[in-house]
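Have a look at the sequence and the structure first, and then read on.

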Amino acid sequence: MSVITWDHVDNQQTILTEKQLESVFLLNSLNSVHEETTISNSDSPNITTTTITDQFDKCEDHITQNNDVSIHTASHFYSWLWSVEQNLSAEIPKVPSEFLTFISRRKCECSKVLNIVEEILSKLSTLENNYLSISQSTNELHELCEHLLKQQNEMIEYANSIEDSLVNFVQVDMIQAELKVSNFVVSHEKLLPMLNKLDSSLIYFRDHPDFKESPNYLIKVKSSLKIALDHIKAHVTNIIGRTINELLELHDVISPENSFILLYGRFRSQGPKIRSLMTLLEDRVHVTDEYAHVIQECHKFYLHHREELLTPIAQNGVSDLVQKYRGDHCALLRTAGAFMVHMCEDEMRLFNQFFSPQFSQSINQMLQKLCRCLYDAVRPLIIHINHVEILSELCDILKYELLQYDDPQKTITNSPDMMAFTDLCSMLLADIQERLVFRAHIYIKSQIFGFVPSPGDLSYPEKLEMMNDIAESISVPTNSNNSSDQKNESAESEAVTSGTDSSESNQQKASTTSDLVIQPGPNMSLAPADLHGMWYPTVRRTLVCLSKLSRCLDANSFRGLAQECVSMCVLSLVKASESISLRRTTIDGQLFLIKHLLILREQMVPFGIEFLVKETSLDFSPYKNVARSIWEHKGSGLFSLTKENALLRFLLETPNAIDIELDSRRQLDSQLKYTCELLIEQQIMLLTGEIPNFLKRAHSILAAPGARLADQPFASVSYIKEIVSNAHRLLCSALGRSSNRPDTTIKHNSVPNLRKCLHIYLANPDTENILLRRIQSGVISQWRSMFQLLTDHYNDEDRMIIGCPTESQIRLLFQDICNRPVLVSS
């Protein structure tokens, strides 16, 4: 829609009602009248508001009078509006001339006021410019004052620095003059400010070498410092020397009762004097090396005189202990070690009262010389000890009593103050361990491998039966349930000694200790003799030796000795088993060997190491082959320069290095397996009588084509019946059963009771059943083969005459004997 035609009659969007049009006209007329009356009212204040009000009333009356005018177009409206305005303008009176005069006069006054305001503004502008110039001058003056004040402060600082520098020069001359006084008194209060000034001057001259007099005054400072340090050193050495001389004069009077008071009490009384002076030096070690040098000289002087004073006392004390504990090496080492520990601790405490603990490295050299007195006295005794038990106990004393390795909180190896005593114990421990390894080798060869058993040592199974009888006689029904716990207590144990001479060997056999601790295991025998550790002597000695060596030696050394010890023990058990087999029966020797091999294997577990060592050997077989070739060629071609020259090959040949692993545990297991297999095989042959031989001959005959077993003389029914009867009686006798088949050719006591023998030696149901099952399997296999052979080659009548038992009957014998309790009686 066009803006021009907004009031067009045809425009339906802008159609106004008659009432709305009158309102618009009235508002326009009121606006124009209000503007005129406002101007007239402002110019002429004498005109009252009633006049304007009357005019408006007239306008309203005129409008109301003409309410009946009809307007249809815009032109008609404008023409009507113009007529109305003309009427109104004609009716409004004109402004009087007085009001115009008043307005003119007010205008002149306003012009004057404006001129005055402009003049004031110009003066304010001038004043502002003057203020800015004065403010700028004031700022420049302030900046200039600040600059002058800064220069003044710089000059003051420069003057102060000059004064401070001059102090370093002036105080050096003053201190140098004061130190050169003949009756100079050395005291902490007097030396403290002097040393502080000298240190500050020394640092200043060292940091400012560009000053003209710095080199000269640096020399003066060092000379003054040297004089002061010489005074301190002389004073300290005089105090120490005077105290030492007083004690040397009383040397004959010193006794164990008053030694502590004389050796330490008098020195401690001089501690505060020396300590106050040494503190001055120790606090200034970082300034120059002269302080450290003087401290070291004081240390040397003190330690030298203390060493001269204490060395004879330490030697006499150790000598008295050696005489007092002659023959008792353990008590000697324990007492002498405690004596040296207390002496080292007392010396460290006394040293720390004079000097700082952080400078205590030098005292360790003096303490090492004191500890050397104990080492020189004890080492000759150690290298002559032949008893492995004594050597092992000495190792325990050093490691767990003196060095206290078992308690990390109390061990003295972590204390730097006890370094000298730790070195002493380490040297003694190394010597004892070296001697222990040497004597252990001799002991293993002489007392284990070279052990010669007495008849009582080989009295098996009589010894086991006797122990069972004793256990049954002393057992009480009320504590029968607790008997197994009480049997675990270890009984007497022989002492581990060397056997180089007869007297020591006799002493070894007669001595008893309680070092053998029984370690129960799944295959452990429950016999009274085993629970009390009453085993074959070599087994006891092996276990006691291993238990002592494991605590004393390192892992590598112990591994080599343990491998050798176990190997020698196995060989000694094999020899003892052969002797028992000759004395009694084969099964006694085999069960004896199995019993002790199981014990040895069970007791080796707690050591927790591999009994394995590697040895390197040289193989000279290449030399042998080359020498054989030289012999075969009979020396021909020895001077030819070819590869076929046997002589050159012999000269240039090198032996081969071969690494051999020796595992005593594997050797023990192999020997145990071989012995068990041999026992099982021999028992099967023994319990089956002549059946294996008969079956072997029968199968060899039947291998030929067309052969009949019944035609052979050895396979007659009567002969087979005798073989079966004898084998059945042997089996029943071995299993403790009675046989209904009489036979005068075999004695009942000729075959030992298998179940009884296994129980006497092994006394472990699990182990016994393992062997019995293997023996049962072999015996049943032989009887099965025999029954099958008779079934295949003999008729029912012959089999009835022979009376061969079936497999189930043989199995029933074994099951019955396994379920029955074993009655052991001698």
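A word on confidence before we start: pLDDT is the predictor's confidence in each residue, running from 0 to 100. The model shown here is predicted, and the chain has a mean pLDDT of 77, with 72% of its residues at 70 or more.

**Confidence along the chain**
- Helix H13 (residues 419-449) has the highest confidence, at a mean of 91, while strand E1 (residues 493-494) has the lowest, at 34.
- Residues 36-53 have a pLDDT below 50, and this stretch makes 17 contacts in the model beyond near neighbours in sequence.
- Over residues 744-749 the pLDDT also stays under 50, and here the model has 4 contacts beyond four places in sequence.

**How H12 and H13 pack**
- Helix H12 (residues 388-402) packs against H13 at an angle of about 155 degrees, and their axes are 9 Å apart.
- The two helices, H12 and H13, are therefore roughly antiparallel to each other.
- The crossing of H12 past H13 is left-handed.
- Residues of H12 in this contact include Leu 391, Cys 395 and Leu 398, and among those they meet in H13 are Phe 421, Cys 425 and Leu 428.

**Cysteines**
- How many disulfides does a search of the whole structure find? The search finds 0.
- Cys 371 is in no disulfide, with the nearest cysteine sulfur, that of Cys 344, 3.8 Å away.
- Cys 371 counts as buried because its relative accessibility is 2%.
- Cys 425 is in no disulfide either, and the nearest cysteine sulfur, that of Cys 371, lies 7.9 Å away.
- Cys 425 has 1% relative accessibility, so Cys 425 counts as buried.

Conventions: Residues are numbered from 1 along each chain as its sequence is written. This is a predicted model: local features need pLDDT of at least 70, side-chain atom pairs count only at pLDDT 80 or more; totals for chains, interfaces and linings use all residues. Side-chain values use heavy atoms; hydrogens and water are left out. A disulfide is a pair of cysteine sulfur atoms within 2.5 Å. Buried means under 20% relative accessible area, exposed over 50%, partly exposed in between (1.4 Å probe, protein chains only). Helices (H or I, at least four residues) and strands (E, at least two) are DSSP runs, numbered from the N terminus. Contact means heavy atoms within 4.5 Å. Axes are lines fitted to C-alpha atoms, for helices over the stretch in contact, and angles run from 0 to 180 degrees between N-to-C directions. Angles under 35 degrees count as roughly parallel, over 145 as roughly antiparallel, 65 to 115 as roughly perpendicular and the rest as oblique. A crossing is left-handed if the near helix is turned anticlockwise from the far one by less than a right angle, and right-handed if clockwise.
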